[in-house]
Each structure stands twice: as structure tokens, then as C-alpha cells.
Amino acid sequence: MDKLIDGFRRFRETNFAQNRGLFETLAQQGQTPKVLLIGCCDSRVDPAILFDAQPGEMFVLRNVANLIPPYAPDQGHHGTSAALEFAVRGLEVEHVVVLGHAQCGGVRALVENQSGDQTDFIKGWMTIARAARDRALALTLSAGQPIEAARRMCEQETVAISLANLMTFPWVRERVEQSRLMLHGWFYNMEEGKLFRLDPYTNTFLEV
């Protein structure tokens, strides 16, 4: 914990001091980000660092395996859906980016069936990506490829599933159809430091 406190002190002395005007403006006028970025809560994949973003530039939503559940308006505690609604309907962002990444622990647990019945929430949460797992296993194992290939395919398929689930939210679909909102699927390979985008026409990831 001392390391975190020391880090905050360095932030105060450098970043905050150099950008004091920006922080004062954000505090007084509020946030007006144009981008909602949905990423994984993996500690190795920090969106602000990856994209060299300044405070106020991105509204960031992070959860296990960067998943968006289908639209389900009930009295449950839908943290991800609530954040999505605030970004789209409240902040009126113009872009939504789903950022998947290599070496995702949630996807690995799903593909290798490691979630187990002992978890209270993770196993149920990862069922959102069950179709991605089934497709990845069917395609890779039938071709004689190793389980690592299935994991990588599933990591990318979760991005496509989240994009599809985004369109089940009526206020997302409406804005997309009116060209007021654009959806993007990205994939970060941390081993190589490369970023890929999902081409909606070929359904393949192309390096940026």
C-alpha cells in the first residue's frame, strides 16, 4: 500500500501539477467524453495507459472478460448495464469500443472449464460468452489445433458477442441506426504490443 501512496504523491507533483487547469475544468464543468471503452478488469490491460488518454477523454467500464450482457430490464443489480446506460443516455457518447485482450483469465477459465461450482458469480457471468467458447472449441479442436488456439479464438469471439449484445439495448440500437453512435471491436495482444480491430464485413481482426 505504501507504493500506491507514493505513486499518488508523484501524481500530485507531476501530472496534477502540470495539468491543473484541466483538472479544475473537469471538476467545475463535469465530464463530456466521446468514447465509452468496455475493457477487461485484468490489471495488465489499463485503457488509459494503452491509449495515452487524458482524464475526461474516455468513460471506462471494466469487468471480467469485457462482456456486455443482453438487455434485461428488471430489478437485478446490473452494474455493467447501468454504466452502459449512463454513458449512452446520460453522457451521449458517440463511440463504444469493446476491447478484448490476449491471455484473458476469464476466457481461459471458461474454455478450460475452470470456473467451478465454488464461485458465487464468475461462472454465471461467463455464461454470457458460452456461445463463443462452443464455437471456438468446435472450430479449433476439429482442426486438430491445441487448446491455446481455442482460447485465442474465444477471446476474440467475446468481443463479437458483446457487440451483438449491445444491439439488444433499444437505446443503443436506435442511436446506431440513426448514425449517432458507432460500435467498435478491438483486440489487444499484450505479448506483441499490437492492436487489432474487428472488420464487420469480413468478421476478422485486422492490425491497426
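**Helices on a sheet: questions on a predicted model**

Reader: Which residues of α9 are buried, and on how many sides of the helix do they lie?

Author: This is a predicted model. In it, the buried residues of α9 are Trp171, Val172 and Arg175. Around the axis they cover an arc of only 105 degrees, which puts them on the same side of α9.

Reader: How do α4 and α9 cross, and which residues of α9 make the contact?

Author: The axes of the two helices come within 10 Å and cross at roughly 35 degrees. The crossing of α4 and α9 is left-handed. From α4, the contact is made by Ser81, Leu84, Glu85, Val88 and Arg89. From α9, it is made by Trp171, Val172 and Arg175.

Reader: What span should helix α4 have, and what is the distance between its end C-alpha atoms?

Author: Helix α4 covers residues 79–90, which is twelve residues. At 1.5 Å a residue, counted as one less than the number of residues, the helix should span 16 Å. The end C-alpha atoms agree with this, being apart by 15 Å.

Reader: Why can the buried residues of α4 be said to line one face?

Author: Buried here means under 20% relative accessible area. In α4 that holds for Thr80, Ser81, Ala83, Leu84, Ala87 and Val88. Seen down the axis of α4, these buried residues line one face because they fall within an arc of 160 degrees.

Reader: Which elements do the buried residues of α4 pack against?

Author: The partners include two strands, β1 (35–40) and β2 (58–63). The helices are α6 (122–126), α8 (147–166) and α9 (170–177).

Reader: Which strand pairs are parallel, and which run antiparallel?

Author: Strands of a sheet pair through backbone hydrogen bonds, either parallel or antiparallel. β1 and β3 run parallel, joined by four bridges, and Val35 has His95 in β3 as its bridge partner. β3 and β4 also pair in the parallel sense, over seven bridges. Four bridges join β5 (residues 194–199) to β6, and these two strands run antiparallel.

Reader: Is Ser162 buried or exposed, and what is its relative accessible area?

Author: Ser162 is found in helix α8. Leaving aside neighbours within four places in sequence, Ser162 is in contact with Asn66, Leu67, Ile68 and Val98. Ser162 falls under the 20% cut-off for buried residues, with a relative accessible area of 0%.

Reader: How many residues of β3 are buried?

Author: β3 is a strand that is mostly covered. Of its seven residues, the number buried is six.

Key:
Residues numbered from 1 in each chain as written. Predicted model: local features only at pLDDT ≥ 70, side-chain atom pairs only at ≥ 80, totals over all residues. Heavy atoms only, no water. Buried < 20%, exposed > 50% of the residue type's maximum accessible area, 1.4 Å probe, protein only. Arc of directions from axis to C-beta. Contact = heavy atoms within 4.5 Å. Pairing = 2+ DSSP bridges. Axes fitted to C-alpha atoms, helices over the stretch in contact; angles between N-to-C directions. Left-handed = near helix turned anticlockwise from the far one by under 90°.
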